[in-house]
Amino acid sequence: MAGRFAPRPTRTTVRGGHVVVPGGVPRQASAAGRTRTWTPAWPLDLGLVLGPLRRGPGDPTFRATPDGAVWRASRTPAGPGTLRVALRGGVVQGEAWGPGAEWLLHQLPELLGSADDPDAFEPRHRLVALARHRRPGLRLTRTGLVMESLIPSVLEQKVTADEAYRAWRLLVRKFGEPAPGPAPERMSVMPAPRTWALIPSWEWHRAGVDNKRAATILRAVRVAARLEEATAFDPVRAQARLEVVSGIGPWTSAEVVQRSHGAADSVTVGDLHLPGIVGYALAGDRDADDSVMLELLEPYAGQRHRAARLILLSGRTPPRRVSRMPRGDIGQL
C-alpha cells in the first residue's frame with residue numbers, strides 16, 4: 001500500500017490553504033473547450049494558491065487530479081463553467097467549458113495571484129521569514145466571485161469544519177448542476193441564488209444546517225446581485241457591504257474577501273483556533289485572544305492575512321488538548 005496514496009494533510013496545512021496536487025500522470029483525451037496559456041513571472045504553486053478555495057476533501061466544486069491539474073466548477077456572471085488548470089514547465093495551461101468558460105479564462109491570472117504583491121510583505125519574525133522562504137510559490141488568489149465564498153463561509157459559522165464541509169457537499173450535490181465539460185465524476189456547480197432560496201427547510205435540517213445559518217444564507221441570496229457588486233470595491237468597503245446582511249459579521253466577511261479580493265490585510269477575527277495559533281507561534285501564548293493576536297500582527301499592518309497564512313503553514317501550533325468544539329448532527333434529531 002505504501003506510496004499509493006498522497007499523504008493526508010494535517011489540520012494546520014488545511015487551515016493554511018495547502019492542497020496536494022499530484023503530478024506525472026498523462027491526461028486522457030477529452031472534449032475540447034476554450035483554452036488559454038499564461039506564463040507567470042514567479043514560481044507558482046497551484047496547491048498553495050488555490051488551496052483556500054477547497055471546502056474539504058469531498059468538495060464537489062474542487063478537484064485535484066492525478067495528472068497534476070486542478071479543476072474548479074464555478075457560477076460566473078456569464079453562467080456556470082468548469083476550469084481546468086495545469087502547470088507544465090512554468091507555463092499555466094487553462095481550459096474551460098460551459099457558458100462561463102470565457103469569463104473563467106479571462107480571470108485566470110488573477111485567480112493564480114497576478115494581482116497580488118508579495119514583495120510588499122516584510123517578515124518581522126524568524127518563523128515567518130522561514131515559512132516564506134519555504135513557500136516561494138505562495139500567492140493570494142482573487143476569484144472575483146463573492147457568493148461562492150460567502151455561502152460555504154456561512155455554513156462554517158460556529159460548527160466544526162467536518163460539519164460545514166458535509167453540509168456544503170450535500171447541498172451542492174443535491175441542488176447544484178453537473179459541471180460543464182469533461183469534469184471529473186460528481187463535480188457540480190453550486191446552485192443559483194434562486195435555487196438556494198427554494199431549498200425546503202427539511203433539506204437544510206438533513207444537511208445539519210441550523211435555522212440561524214440557513215436564514216443568513218436566504219437573506220444573502222435575496223440580494224446576491226448587490227453582494228457580487230462588492231468585487232469592484234476595496235476589501236474594507238466590500239466587508240462593510242457584506243456585513244449589512246444580518247448574520248454576516250467580521251469573521252465571515254473576512255473569510256470571503258480573502259478569496260474574492262485576495263485581501264492581504266483582512267485577518268480573520270472571532271475564530272476559535274487562529275488567535276491561539278498565532279499567539280503560540282509568535283509569543284508562546286496558546287491562550288491568546290483576538291486582541292492579543294491583532295497586537296502581535298500589528299507589525300504586519302497591510303499584510304496581516306498573509307502573515308497569518310504563513311504562520312499556519314509553518315506547522316508551529318500549540319500541542320493539542322481535548323476537543324473544544326463537540327461535533328454534532330442536527331439532521332439526526
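**View 1. Lining of the second largest cavity.** Arg72, Ser74, Leu83, Trp103, Leu104, Gln107, Leu108, Leu111, Thr143 and Leu145 line the second largest cavity. The model shown here, as in every view, is predicted. Two elements, β3 and α3, each give two or more residues to this lining. Helix α3 supplies the largest share, 5 residues. By class, the lining of the second largest cavity holds 6 nonpolar, 3 polar and 1 charged residues. The space inside comes to about 40 Å³.

**View 2. The largest cavity and its centre.** Searching the whole structure gives 2 cavities of 30 Å³ or more. The largest cavity has about 140 Å³ of space. Its lining counts 15 residues. Leu53, Thr61, Arg72, Glu148 and Trp168 are the lining residues nearest the centre. The lining of the largest cavity splits into 6 nonpolar, 3 polar and 6 charged residues.

**View 3. Elements around the largest cavity.** Strand β3 and helix α5 (147-155) are the elements that give two or more residues to the lining of the largest cavity. Strand β3 gives the most, 4 residues. Arg72 is among the residues nearest the centre of this cavity, and Arg72 also lines the second largest cavity.

**View 4. The five-stranded sheet.** The sheet is open, with 5 strands in the order β1-β5-β4-β3-β2 and antiparallel pairing. Strands β1 (34-38) and β2 (62-64) stand at the edges. Each has a single partner strand, so one side of each lacks a neighbour in the sheet. From one strand to the next, the twist averages 20°.

View 5. Strand β2 pairs with β3 (residues 70-76) in the antiparallel sense, over 3 bridges. Phe62 stands opposite Arg72 in β3.

Technical notes: Residues numbered from 1 in each chain as written. Predicted model: local features only at pLDDT ≥ 70, side-chain atom pairs only at ≥ 80, totals over all residues. Heavy atoms only, no water. Pairing = 2+ DSSP bridges. Axes fitted to C-alpha atoms, helices over the stretch in contact; angles between N-to-C directions. 1 Å grid on protein atoms, 1.4 Å probe; cavity = no way out; pocket = protein on both sides within 12 Å on 5 of 7 lines; lining within 4 Å. Points joined across faces, edges and corners; volume = space filled by probe spheres on them. Nonpolar A, V, L, I, M, F, W, Y, C, P; charged D, E, K, R; others polar.
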